Amino acid sequence: MEEQTFENVFDALADTPAEAANLKARAEVLLALSQRVRSWNISQEAAATRLGITRPRMNDLLQGKLGKFSLDALVNLATAAGLRLEIRIADAA
């Protein structure tokens with residue numbers, strides 16, 4: 001069996017380059033968002049209220065459950081958390 005190498009874990013997990021790009025974007029936003037929420041030093045309940053989501057949903061976010069969040073949902077939450085998103089586009093390698 002031939003061994004495959006990948007540029008990153010998302011390329012290994014995804015079936016298509018588009019799916020890998022979506023996973024990577026979601027992971028980056030989720031990480032920034034969870035770091036922002038943790039910096040508030042408030043309870044999950046208070047953070048959830050601040051972002052307009054339920055406490056269980058906040059727990060999913062802080063646990064890094066990427067599969068539970070669409071890119072659209074993460075962008076909305078990041079904006080509500082006071083983050084500004086920037087998108088960079090480059091030619092594929």
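The model is predicted: local features need pLDDT of at least 70, side-chain atom pairs count only at pLDDT 80 or more, and totals for chains, interfaces and linings use all residues. Residues are numbered from 1 along each chain as its sequence is written, and side-chain values use heavy atoms, with hydrogens and water left out.

**The chain as a whole**
- The protein chain has five helices and zero strands (DSSP runs, H or I of at least four residues for helices and E of at least two for strands, numbered from the N terminus).
- Of its 93 residues, 28% count as buried, meaning under 20% relative accessible area with a 1.4 Å probe, protein chains only.

**Helix H4 and its ends**
- H4 covers residues 55-62, and Met58, Asp60, Leu61 and Leu62 are buried there.
- The cover over these buried residues includes helix H2 (17-39), helix H3 (44-51) and helix H5 (71-80).
- At the N-terminal end, Thr54 caps H4, with a side-chain oxygen 3.2 Å from the backbone nitrogen of Arg57.
- After H4 comes Gly64, which has a positive phi near 75 degrees.

**Where H2 meets H4**
- The axes of H2 and H4 come within 9 Å and cross at roughly 115 degrees (lines fitted to C-alpha atoms over the stretch in contact, with angles from 0 to 180 degrees between N-to-C directions).
- Leu30, Leu33, Ser34, Val37 and Arg38 of H2 make the contact with Met58, Leu61 and Leu62 of H4, where contact means heavy atoms within 4.5 Å.

How values were computed
Buried < 20%, exposed > 50% of the residue type's maximum accessible area, 1.4 Å probe, protein only. Polar contact = N/O pair within 3.5 Å; in protein donor to acceptor, adjacent residues only side chain to side chain.
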